[in-house]
Amino acid sequence: MTSDRPSDQPAWEDLLRMLLGPHADEAIKMVRESGIDLGAAVDMPGGPEAIRAAMRQVQPFLVGADDAPVSWSAVHDLARQTAAEGGDPVPGRVATRHSIDALTTADLWLDQVTGFDPAPGPRAAWSRAEWVEATLPAWQSLTEPIASALTDALSTRLADTTDESLRQIVSSMASQVGQVLFGLQIGQAAGTLARDVFGTTDLGVPLVDPPAVALLPTNIAAFADGLDNPVEEVRLFLAVREAAAARLFAGAPWLRGWLTSAVDAYARGIVIDPEHLDEVMRQIDPADPASLRAAVTEGLFEPRTTPAQEAALLRLETALALVEGWVDEVSAAAVANHLPDAVALREMMRRRRAAGGPAEHTFATLVGLQLRPRRLRDAARLWAAVAADSSADDRDAVWHHPDLMPGPDDLDDPDAYPARRRAAQQSTDDLDQALADILGPEGPDDPV
């Protein structure tokens with residue numbers, strides 16, 4: 001964007017030209033004819049030059065604004081840029097061999113503790129950039145419904161506080177602003193996660209389609225540097241977790257849609273706190289990109305939680321806990337006889353997942369979605385109780401259909417879940433028998 005316009009051009013005109021492009025002249029004419037002082041509403045430090053500087057930072061996110069709530073090409077570029085901070089070497093021959101060997105060993109150990117087959121797809125070692133490329137379509141699927149809902153809410157809020165003659169203009173501007181803010185958020189978070197994850201399944205949601213099983217050697221080596229355990233042992237432990245989660249998602253193909261539908265249900269009910277929005281927007285200095293990032297990471301939108309959203313969040317958090325608890329329990333059983341420090345590594349991973357990383361906190365701050373299982377320990381106890389009460393096959397059979405899944409109440413008393421499950425099954429069997437007694441062995445008579 002060049003600055004060849006008159007230096008005395010009002011800041012609000014400059015802003016409208018940058019946000020509305022070829023439609024700006026009509027909008028500017030409308031504002032002038034209305035006699036409304038839009039300059040007071042766009043009283044930004046530094047004037048037009050400050051606005052131009054800020055817009056240069058966010059211009060990529062405005063491309064294709066009419067087609068999608070987020071410019072995914074700009075998100076992609078920001079995620080790649082963020083992931084590359086501090087270096088992102090492509091895994092070499094040795095690192096690749098170590099990773100594939102660890103995943104192959106993991107499958108052999110898991111064969112002894114679960115009936116789920118190994119996940120299809122290749123075993124690989126990825127760079128951070130490769131992780132971004134492979135997972136970005138999943139981030140789009142997971143977050144675009146939320147982005148649409150938030151942008152619509154922001155547009156409605158700002159339009160409601162504006163004179164009727166300007167509502168169309170302000171609504172268009174708000175849509176652009178929402179697109180920029182959410183795009184910045186997703187790009188930064190995905191790039192930050194790429195520097196933090198160990199594989200494709202760390203967050204408990206399926207991020208790769210078609211399925212793949214991969215490790216990130218650079219991240220694993222950096223993580224192992226802070227531990228007393230040999231890197232080989234850490235790599236094997238993380239490979240077992242990656243392979244176990246991949247088996248679960250492959251063995252329960254309905255699980256991806258189950259998780260996604262919970263996100264969609266949450267997004268449909270988003271309501272913005274207008275007072276909080278007004279307060280945060282006043283604190284943004286367009287001449288300082290850091291203030292924009294701070295507004296995003298500190299919760300620009302801070303949605304109000306409605307009863308419907310609370311139900312969707314409870315469903316999602318329960319699902320994440322059940323996924324993570326199963327992976328935790330099955331992985332522990334798989335490595336128990338092979339890794340000397342298996343117990344310590346398991347506890348370390350539990351604490352890491354419970355605390356969450358910076359990118360996970362960023363997502364949670366923006367949209368209220370907790371991408372970490374808050375009830376991991378309860379879920380692990382539940383799965384352990386089922387296996388102890390019957391068998392590992394019986395434990396895994398719970399994943400055959402979503403109607404069989406434990407609920408939040410079951411996590412409140414996980415040790416008693418097997419007894420409740422047997423009682424429910426017995427009740428179903430009794431009902432089936434009663435119907436058979438009434439209808440007879442051949443069922444009801446055919447209609448005449």
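Modeller: Between two axes, an angle under 35 degrees counts as roughly parallel, over 145 as roughly antiparallel, 65 to 115 as roughly perpendicular, and the rest as oblique. The model is predicted, so local features need pLDDT of at least 70 and side-chain atom pairs pLDDT 80 or more, whereas totals for chains, interfaces and linings use all residues. Residues are numbered from 1 along each chain as its sequence is written, and side-chain values use heavy atoms, with hydrogens and water left out.

Colleague: Why are α6 and α10 called oblique to each other?

Modeller: They pack at an angle of about 60°, with their axes 8 Å apart. The axes are lines fitted to C-alpha atoms over the stretch in contact, and angles run from 0 to 180 degrees between N-to-C directions. An angle of about 60° belongs to the rest, and α6 and α10 are therefore oblique.

Colleague: What makes a crossing right-handed, and in which sense does α6 pass α10?

Modeller: The near helix must be turned clockwise from the far one by less than a right angle; anticlockwise is left-handed. The crossing of α6 with α10 is right-handed. By class, their contact has 10 nonpolar, 3 polar and 4 charged residues, where Asp, Glu, Lys and Arg count as charged, Ala, Val, Leu, Ile, Met, Phe, Trp, Tyr, Cys and Pro as nonpolar, and the others as polar.

Colleague: Aspartate 107 is one of the α6 residues that meet α10. Is Asp107 buried or exposed, and how do you know?

Modeller: Buried means under 20% relative accessible area, exposed over 50%, and partly exposed in between (1.4 Å probe, protein chains only). Aspartate 107 has 11%, and is therefore buried. Contact means heavy atoms within 4.5 Å; beyond four places in sequence, Asp107 touches Pro118, Arg123, Ala243 and Arg247.

Colleague: How do α9 and α10 lie to each other, and why?

Modeller: The axes of α9 (residues 217-225) and α10 (residues 231-251) come within 10 Å and cross at roughly 125°. That angle also belongs to the rest, and α9 and α10 are therefore oblique. Their crossing is right-handed. Ile220, Phe223 and Ala224 in α9 meet Val231, Val234, Arg235 and Leu238 in α10.

Colleague: What makes a set of residues a nonpolar core, and which members touch the most others in the largest one?

Modeller: The residues must be buried Ala, Val, Leu, Ile, Met, Phe, Trp, Tyr or Cys, joined through side-chain atoms within 4.5 Å. Of the 89 residues in the largest core, Trp131, Trp139, Leu255, Trp326 and Trp399 touch the most other members. Helix α14 (residues 307-335) gives the largest share of this core, 13 residues.

Conventions
Helix = DSSP H or I, 4+ residues; strand = E, 2+ residues; numbered from the N terminus.
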